[in-house]
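Reader: Hi! I'd like to talk this structure through with you, in plain words please.

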Amino acid sequence: MWWFQQGLSILPSALVVWSSASFIFSYITAVLLRHVDPLVPYISDTGTVPPERCLFGIMLNISALLGIATMYVRYKQVFYLNPEEATILKLNKVGLVLGMVSCFGLCIIANFQKSTLIAMHVVGACLTFGVGTFYMLVQTILSYKMQPSNNSVFRIRLMVLLWCAASIVSMFISSVILYSGRCGVDLVQKLHWDPNEKGYSIHIASTVSEWSLAFSFLSFFLTYIRDFQKITLYVVVQLDGYSLNYINPQFTADEPRLPISGNL
C-alpha cells in the first residue's frame, strides 16, 4: 500500500497536488500564449485571460471542495480525540468556521477575476489568505495542546505559519508601495512589465511574496498527511427491499433513518 492510500491521507495529498497543478497549468498556458511575462507574474494574472481563466476557475473551485472536505475531516478527528476538553473543542469549532470561510474566499477568487470585478477579487483574496492564516494559527495551537510532550508536528506547523506571516507582511508592504502612485497609475490591470520600468523591482517583490504565500498554505496541509493516515472512513449500506417501490413498514412506525451511514 502506498503512503497516500493509507487512511484518508489522499484528501490533503489531493488538495496540495491539485491546487499546485491549478497554479502551474494556468501559468504555463498564460506564458505560452504570451498573456503574461514568464518571470513571476501574479497568480491572479495567470487566470485573467481566456482560455487559462476557464482552467484557473474550475480547478480552484475543485480545490475549494477538497479544502472543505479536508478541514471537516480534521475537525472530526480533533473532536473524537478530545471529547471532554472544552478549550480544544471550542478552538476546533472556531477553526472549522475559519476554514470554511477561507474556502469560500477561494471560490470568489476563482469566479471573480481581477480584470472583471477587482473589488470582489480582493475580498476573496482577503478571505482566503487573511482568514486562512487564522485557521493555520488555530490548528497550530491545537497541535500544541493535543501533544504537548511530542511537539515535532507543532514546530513544523509553527514554522510554516511564520513563513505564511512573513509572506503576508512582505506582500502587503510591497503592494502598498507599488499602488501608492509613486510607480505609476493603472497598474492593477497591467499584465506586461519592462524590467527598466519604474517600480519593476517592487512588482517582482510583490509577486514573489504572493507565490510564497500560496505555497506556504499548501505546505501547511502537507502536515496533515501523517495524521490522516490514522483515519479510516467507511459506509454501511442497508437495503430494505429489492425494489425502489418497496416501503419498509418500520419507516411508518419508527423515526426516519438513513439507509447509508458513515463512521469516522
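Reader: Where does Arg 34 lie?
Author: Arg 34 lies in the loop between α1 and α2. Helices here are DSSP runs of H or I with at least four residues, strands are runs of E with at least two, and both are numbered from the N terminus. This is a predicted model, in which local features need pLDDT of at least 70 and side-chain atom pairs count only at pLDDT 80 or more, while totals for chains, interfaces and linings use all residues. Residues are numbered from 1 along each chain as its sequence is written, and side-chain values use heavy atoms, with hydrogens and water left out.

Reader: Got it. What is the phi of Arg 34?
Author: Phi of Arg 34 is near 60°, a positive value in a residue other than glycine.

Reader: Is Arg 34 buried or exposed?
Author: Arg 34 counts as exposed because its relative accessibility is 70%. Buried means under 20% relative accessible area, exposed means over 50%, and partly exposed is in between, with a 1.4 Å probe and protein chains only.

Reader: Which other residue in that loop has a positive phi although it is not a glycine?
Author: Val 40, with phi at about 45°, lies in the loop between α1 and α2. Val 40 counts as partly exposed because its relative accessibility is 22%.

Reader: And which peptide bond is cis?
Author: The bond from Pro 50 to Pro 51 is cis, with omega near 5°. Pro 51 also belongs to the loop between α1 and α2.

Reader: Let's zoom out. How many helices and strands are there in the protein chain?
Author: The chain has eight helices and two strands. Reading from the N terminus, the order is α-α-α-α-α-α-α-β-α-β. Of its 264 residues, 42% are buried.

Reader: What is the accessible surface of the chain?
Author: About 14,800 Å², with 69% belonging to carbon and sulfur atoms. Areas come from the Shrake-Rupley method with a 1.4 Å probe, and for residues only the protein chains shown count as cover.

Reader: Which residues have the most contacts inside the largest nonpolar core?
Author: They are Phe 23, Leu 60, Met 136, Phe 221 and Phe 228, in a core of 31 residues. At least two core residues come from each of α1 (10-32), α2 (52-81), α3 (86-111), α4 (118-146), α5 (152-178) and α6 (200-222). The largest share, seven residues, is from α6. By nonpolar core I mean a set of buried Ala, Val, Leu, Ile, Met, Phe, Trp, Tyr and Cys residues joined through side-chain atoms within 4.5 Å. In soluble globular proteins, nonpolar side chains tend to be buried together.

Reader: What is Phe 23 in contact with, leaving aside neighbours within four places in sequence?
Author: Ile 43, Phe 56, Leu 60, Trp 211, Ala 214 and Leu 218. A contact here means heavy atoms within 4.5 Å. Phe 23 is one of the buried residues of α1, and the buried residues of that helix pack against α2, α6 and α7 (225-228).

Reader: What about Ser 174, buried or exposed?
Author: Ser 174 counts as buried because its relative accessibility is 6%. Ser 174 lies in helix α5, and a polar atom of its side chain is 3.1 Å from the backbone oxygen of Met 171.

Technical notes:
A polar contact is a pair of N or O atoms within 3.5 Å; within protein, one must be able to donate a hydrogen and the other to accept it, and residues adjacent in sequence count only if both atoms are side-chain atoms.
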